[in-house]
Amino acid sequence: MSKVLVSDSIDQAGIDILSQVATVDVKLGLKPAELIAIIGEYDALMIRSGTRVTQEIIDAGTQLKIIGRAGVGVDNVDVPAATRRGIVVVNSPEGNTIAAAEHALAMILALSRHIPDANASVKRGAWDRNSFVGAEVYKKTLGVVGLGKIGSHVAAVAKTMGMKLLAYDPFISTERAEQIGCQLVELDLLFQQADYITLHIPKTPETTHLINATTLAKMKPTARIINCARGGIIDEVALAAAIKAGKIGGAALDVFESEPLGESELRSLGKEVILTPHLGASTTEAQVNVAIDVAEQIRDVLLGLPARSAVNIPGLGPDVLEELKPYMQLAETLGNLVGQLAGGRVEVLNIRLQGELATNKSQPLIVAALKGLLYQALRERVNYVNASIEAKERGIRVIETRDASIRDYAGTLHLEATGTLGTHSVTGALLGEREIHLTDVDGFPINVPPSKYMLFTLHRDMPGIIGKLGSLLGSFNVNIASMQVGRKIVRGDAVMALSIDDPLPEGILDEIIKVPGIRDAYTVTL
Ligand SMILES: NC(=O)c1ccc[n+]([C@@H]2O[C@H](COP(=O)([O-])OP(=O)(O)OC[C@H]3O[C@@H](n4cnc5c(N)ncnc54)[C@H](O)[C@@H]3O)[C@@H](O)[C@H]2O)c1
Ligand SMILES: O=C(O)[C@H](O)COP(=O)(O)O
């Protein structure tokens, strides 16, 4: 049975799902050295933002197949290191969207009405109504930096509170911003005009210290900044100095450059600063959502299935996966088959997406085909994560073409591999929802489902050849489960595809090629 280590606090709903397929150990608060010492035993690691998964930890995780982040941000995981090792990294991109957005909205209102300090004062026994006169958000301008999932929910709710909305997001269209009721503006204009600035962007090299002494100087002296996105987007030293000097009105922060927050000038500031310990996702609902979302993906990967929200598999989002899953299986099978037919070192893989596939995303299918192609060389070491890297390192050139005109099937996939031993091609389709059929081998039409052990021959279409091959296989005690011949013209060249019950015994291929009329023979294991 697989073993999963849960190293941050995760809702029981997730543990229950993992327990269906694995032994689950929950070990919270491990120091890096402790984690390194035990990670080698585990097939999967499930975390939140509390565990830093460094290259060292990944290197020590020799059995690791998947790292599941029960939340959005994977900035605490060395994703490139995981990718190099073929470890899938998954997250829950939407499970805590509402929780984080509501936390930002709560921060805006709490900051405006000094709720935390007023509450603390009453609890201390005071009844001070003069120190906590606040400001209304109604008709004030909210500047939303990052109009993604969380930013747009914050904007939508703020709109209903009567706020005027400005937004900055270079990757969002004006139409999309207008749909949410936001005016898309340049960052400087947002900084100059906003009464509240709320950050909903990832931390990247471009966004690190986006809020610094220079940008703070552009803001209104009454402006309030809310950061429920990522620590490090704000230069905390510059922020504390600006608040102290009255250059801006205040700030509410849920995330910090270093967590837990250590010594900080921000702690010493008064009611104009609110600090929460990274609570954006900490609602019961969000924790159930993310735990289920990520545990299901870990379960699927441990069962050999693809994950719906893998951050290190290009182009494989949940919607794409849902639509392409059966075709990915087809691509992988064809890749494996054509790789074995081609033998030797493959240098070029041509992939043609036909029929309805011609309009689809190709990246997941290419990755699946490469995974299949490389399986003979790499076995379990190749997966959806590292297939492209491994192919590139082996110098395999991938050429993609599309042809929407196919008519016999809804969609077919055609793979042609050219290598040191020649060129071979296979085509396949799905019958019904997901039954894979081979429809062409080396240009000869056939219609057979792939089976674990197969034999293909290239021969002359002439009387007696099938009988001779059958007798030869019989003499080696090889049982034929099914057989089909594909030919283009009568008595021309033909291909025979046989499904056999067991692997072909050593040496028999040489005997098959000696049968008069048979020019070539290939055995494959799928
Ligand atoms: N505090 C918490 O507990 C908590 C919880 C969930 C998410 N988060 C964080 O909130 C942030 C937003 O999450 P999301 O789910 O909305 O992500 P998202 O991917 O849906 O949205 C991010 C948006 O930022 C935009 N963006 C990227 N770079 C930008 C830049 N340089 N300038 C302006 N816009 C830029 C993108 O176009 C995108 O629209 C992330 O940093 C995430 O890690 C925090
Ligand atoms: O990226 C996230 O999902 C949030 O920052 C939440 O982090 P958490 O799971 O540690 O609360």
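The model is predicted, so local features need pLDDT of at least 70 and side-chain atom pairs count only at pLDDT 80 or more, while totals for chains, interfaces and linings use all residues. Residues are numbered from 1 along each chain as its sequence is written, chains are lettered from A and ligands numbered from 1 in the order in which they are written, and side-chain values use heavy atoms, with hydrogens and water left out.

**Ligand 1**

- Around ligand 1 there are 24 residues, the closest being Lys149, Ile150, Asp169, Ile201 and Asp254 (a residue is near a molecule if one of its heavy atoms lies within 4 Å of it).
- This shell is made up of 13 nonpolar, seven polar and four charged residues (Ala, Val, Leu, Ile, Met, Phe, Trp, Tyr, Cys and Pro count as nonpolar, Asp, Glu, Lys and Arg as charged, and the others, Gly among them, as polar).
- An oxygen atom of ligand 1 is 3.2 Å from a polar backbone atom of alanine 281, and a backbone N or O atom of isoleucine 201 lies 2.8 Å from an oxygen atom of ligand 1.
- Ligand 1 has 860 Å² of accessible area on its own, and the protein covers 86% of that area (by the Shrake-Rupley method with a 1.4 Å probe).

**Ligand 2**

- The residues surrounding ligand 2 include Ser49, Arg69, Asn96, Arg230 and His278, and by class its shell has three nonpolar, five polar and three charged residues.
- A polar side-chain atom of arginine 48 lies 2.8 Å from an oxygen atom of ligand 2.
- From the backbone, a polar atom of valine 72 is 2.6 Å from an oxygen atom of ligand 2, and an N or O atom of glycine 73 lies 2.7 Å from an oxygen atom of this ligand.
- Taken alone, ligand 2 exposes 310 Å², of which the protein buries 91%.

**Charges over rings**

- Lysine 3 lies over the face of tyrosine 42, at 4.9 Å from the ring centre (a charge sits over a ring if NZ of Lys or CZ of Arg is within 6 Å of the ring centre and within 35 degrees of the ring normal).
- Lysine 371 likewise lies over the face of tyrosine 384, at 4.7 Å from the ring centre.

Technical notes:
Polar contact = N/O pair within 3.5 Å; in protein donor to acceptor, adjacent residues only side chain to side chain.
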